[in-house]
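Hello,

Here is the structure I promised to pass on. Have a look at it first, and then read my notes below.

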Amino acid sequence: MEDFYILRHYKGLCYSRSTSLISRTAPFEDRHCHDRHELIYILQGSGKYIVEGMEYPLHPHALYFMRPYEYHCAFPSPEGAYERIVLRFDEALLPATVRRIPLLHGMSGNYFSTVSQGAPLRAAFETLGGTRALLQDGHEEDAEALLHATLAQIILLLSVKSPEDPLSETSATVRRIIEHLNAHLCEELSLDALAKEFFISKYHLCRLFREQTGASILTYFNAKRLALAKQLIADGENATAVAVQLGFHDYSTFYRAYRKQMGESPVRRLK
């Protein structure tokens, strides 16, 4: 990875711009979900992007908007560069009037194309590039102010723009499985029981789910549980109690999984 810079976890906001060089021997791996909203703006690359089983095209000037706990993964084409801007934020950073916008709370509208009639959105993301110079000069508070103002502008611009339809939608079966998993995050996962619940063989269940979501059932389920764990711990709950609540048999297993996905230990983070 090269050309990477970031304003990390500064008062509920994380901004980064990065380029990954993709090849057939070094494919890109990025499957996850968060406890915050996320905007991803593509500067370079092609391929596909999957959000909760919905497949969208990946191309320059594509914009993906993910709400908390929406599982997403990028599949950039090999033999090229994948460059993107990522803006992850806590909803509380937005003005009260902006927080009421339906886009922030709905379960549809993940992909926006800014290729045509998207000049204001493209300009807003180009404005974000100014944070690099501000940070290099030691003006972190100015960088934060620029990010907050531009973030609110982007949300407002998206709220009046219609999202694009997916290239392919999740099948009814996978959609029901996703709903079931999200409703039972605090229970132990059994593939045998899940296959029985949906009258499908375990092999076909796993193959169909991976085909349409880009992840195995276990990977998806654990990502959702750990994102929820992060939010509960941030809200003040004890990490050990959260591990038990979310169905982990022992704290060490929870600790290793959490640290691997979040890149930090499961301790309370002050907002």
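Is His32 buried or exposed? With a relative accessible area of 11%, His32 is buried (buried means under 20% relative accessible area, exposed over 50%, partly exposed in between, with a 1.4 Å probe and protein chains only).

Before the rest, a word on the source: this is a predicted model, in which local features need pLDDT of at least 70 and side-chain atom pairs count only at pLDDT 80 or more, while totals for chains, interfaces and linings use all residues. Residues are numbered from 1 along each chain as its sequence is written, and side-chain values use heavy atoms, with hydrogens and water left out.

Back to His32, which lies in strand 3 (residues 31-32). Helices (H or I, at least four residues) and strands (E, at least two) are DSSP runs, numbered from the N terminus. The His32 side chain makes polar contacts with the side chains of Asp30 (2.6 Å) and His34 (3.0 Å). A polar contact here is a pair of N or O atoms within 3.5 Å; within protein, one must be able to donate a hydrogen and the other to accept it, and residues adjacent in sequence count only if both atoms are side-chain atoms. Leaving aside residues up to four places away in sequence, His32 touches Glu38, Glu70, Tyr71 and His72 (contact means heavy atoms within 4.5 Å).

Now the cysteines. The count comes to zero disulfides, a disulfide being a pair of cysteine sulfur atoms within 2.5 Å. For Cys33, the nearest cysteine sulfur is that of Cys73, 11 Å away. Cys33 counts as buried because its relative accessibility is 2%, and Cys73 counts as buried at 0%.

On to the helices. The axes of helix 8 (residues 217-234) and helix 10 (residues 251-262) come within 10 Å and cross at roughly 90 degrees, so helix 8 is roughly perpendicular to helix 10. Axes are lines fitted to C-alpha atoms, for helices over the stretch in contact, with angles running from 0 to 180 degrees between N-to-C directions; 65 to 115 degrees counts as roughly perpendicular. Residues of helix 8 including Leu226 and Ile233 meet residues of helix 10, among them Phe254 and Tyr258.

Finally, Leu146 is found in helix 4 (residues 140-159) and counts as partly exposed at 22% relative accessibility. Not counting residues up to four places away in sequence, Leu146 touches Thr127, Gly130, Thr131 and Leu134.

Best wishes

Key. Parallel < 35°, antiparallel > 145°, perpendicular 65-115°, else oblique.
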